[in-house]
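Have the viewer open and follow along.

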Amino acid sequence: MAAERAGVVEDPARLEAFEARIERGEKIEPGDWMPEAYRRQLVRIISQHAHSEIVGMLPEGAWITRAPSLRRKLILIAKVQDEAGHGQYLYHAAETLGVDRGELIAALLEGRAKYSSVFNYPTLTWADVGMIGWLVDGAAIRNQLMLAQCSYGPYSRAMVRICAEETFHHKQGKEMVLTYAAGTPSQRAMAQDALERWWWPSLMMLGPHDSDSPNTPQLARWRVKTKTNDEVRQEFVDEHVPELLDAGLSVPDSDLHVDRASGHWVHGAIDWDEFWAVVRGNGPVNAERLAARRKAHEDGRWVREALAAYAARAAAATP
Amino acid sequence: MTAHSDARGDTQWPRWEVFKQDTEGSPHRAVGSVHAADAEHALLMARSVYARRPAAVSLWVAPSESVYARTAEQLQEGTVVADAPATTEPARRYLAFRKTSHRRAMTFVDFAGEVSAAGPDAAVAAARRAFPEPPALAWWVVPAAAVTASPEAEAEAWFEPAKGKTYKQQAEYGTLAAGRRRKGQTR
């Protein structure tokens with residue numbers, strides 16, 4: 001379908017050689033031949049991923065000045081700084097496919113680009129910072145470990161680097177939530193409240209069911225994705241449910257149960273209407289997130305201009 | 001290679017490739033790119049983006065447009081005129097980088113060594129002769145004059161602070177499970 005949309009008919013011999021390379025487990029590098037649909041899908045996925053890292057700074061960044069201790073503040077600053085860095089790794093990977101970073105950022109600011117649905121929910125209490133680390137980063141790591149196997153070299157390398165750093169995000173969040181879950185009644189209540197608000201968005205962020213994910217077969221064939229959305233979601237649920245229950249928290253899903261035959265945790269029905277509403281721009285804080293990004297971009301304009309002017313003057317002075 | 005104003009009137013800094021050396025004696029490896037106004041700025045951006053954690057002892061940056069890249073597939077297809085520089089430009093020094101494995105990694109090409117050649121195609125050919133083993137999957141050649149290194153005398157100031165920030169390393173948190181938290185983590 002994607003290839004037809006692009007109106008590109010690939011040379012069958014080249015396509016066969018390309019798919020044989022992927023079959024052998026080789027990485028495709030910038031400069032290698034690739035089908036147009038492969039390039040276009042990668043640009044779509046990588047740029048959305050980059051935007052998610054950049055917008056992902058906002059929900060938690062708001063809590064930096066209100067961290068309850070210096071240690072928590074240092075951790076949160078480092079985490080948000082990592083997300084800025086991860087956005088840069090990913091924009092770099094997209095640029096190796098011949099796209100311009102300025103164009104990608106403009107698409108985000110103008111509301112033409114997608115980013116992860118989960119960042120369109122508000123962070124109402126400090127416990128949300130812990131719950132985002134444990135669940136949202138936990139889900140992201142599951143997805144990114146899969147993407148680290150990606151056939152496109154630059155994306156795979158960005159994922160390996162991000163996973164190595166993001167494990168810290170997951171652990172600091174889990175540590176924080178375990179502390180509150182074992183703390184005073186009000187701390188426990190705060191942790192439980194955060195879980196109730198972040199559980200379903202965390203399941204949704206791993207994407208539509210496989211039956212509603214039309215790109216998946218082609219992406220799997222070309223090893224852009226090596227697992228489906230539902231497979232990654234299952235890994236996430238199996239990892240996190242027992243740990244949340246051990247912590248004495250209650251998962252807000254009355255249908256949640258273990259399937260005796262497979263040993264997997266089975267979650268209840270996901271509210272996909274909510275998911276699509278958020279993806280289409282009608283989540284709780286979509287408008288607020290984009291407004292914050294636009295303001296940051298405009299506030300940084302003078303810095304971009306000043307550094308460019310300084311460099312131009314220095315270059316002119318050096319014969 | 002200067003900043004330009006794009007169609008929206010937004011200033012765009014040029015792109016620089018970044019090479020990080022993890023330890024004395026290991027090669028500089030391509031880690032990614034940054035956008036920056038000049039070389040000094042590019043090095044600072046490179047440190048913030050690619051050296052927030054240990055280990056790093058040195059960074060190199062080079063304008064992306066100065067990098068000449070050839071994959072094994074391109075070389076096999078003969079897109080390179082080996083040993084036949086297209087111009088009569090004089091020989092100059094190039095740094096040669098290569099990728100030799102399809103293994104999962106967070107870096108791309110590694111510094112192999114220097115070659116002297118008249119033009120980038122000749123530099124790739126010279127690098128293939130100088131560093132034949134193991135066979136490379138991709139080559140980068142960069143004019144030595146285009147590369148700027150982080151100041152050696154200031155290496156400690158540049159890279160040591162990251163070592164003290166242990167809270168951003170996952171090992172700091174050990175194995176976490178309900179009821180088995182480590183002492184001192186109740187803050």
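Start with chain A, where the axes of helix α3 (residues 36–55) and helix α8 (residues 153–181) come within 12 Å and cross at roughly 25°. Axes here are lines fitted to C-alpha atoms, for helices over the stretch in contact, with angles from 0 to 180 degrees between N-to-C directions. Helices (H or I, at least four residues) and strands (E, at least two) are DSSP runs numbered from the N terminus. So α3(A) is roughly parallel to α8(A), a label for angles under 35 degrees.

Which residues make the contact? From α3(A) come L42(A), I45(A), I46(A), H49(A) and E53(A), and from α8(A) Y155(A), M159(A), I162(A) and E166(A), with contact meaning heavy atoms within 4.5 Å. They split into 6 nonpolar, 1 polar and 2 charged (Ala, Val, Leu, Ile, Met, Phe, Trp, Tyr, Cys and Pro are nonpolar, Asp, Glu, Lys and Arg charged, the others, Gly among them, polar).

This is a predicted model, so to speak: local features need pLDDT of at least 70 and side-chain atom pairs 80 or more, while totals for chains, interfaces and linings use all residues. Q88(A), Y91(A), H92(A), E95(A), R101(A), S33(B), V34(B) and H35(B) line the largest cavity, and α5(A) gives the most, with 4 residues.

How values were computed
Residues are numbered from 1 along each chain as its sequence is written. Chains are lettered from A and ligands numbered from 1 in the order in which they are written. Side-chain values use heavy atoms; hydrogens and water are left out. Angles under 35 degrees count as roughly parallel, over 145 as roughly antiparallel, 65 to 115 as roughly perpendicular and the rest as oblique. On a 1 Å grid over the protein atoms alone, a cavity is a set of points where a 1.4 Å probe fits but cannot get out, and a pocket is an open set with protein on both sides within 12 Å along at least five of seven lines; lining residues have an atom within 4 Å of a point.
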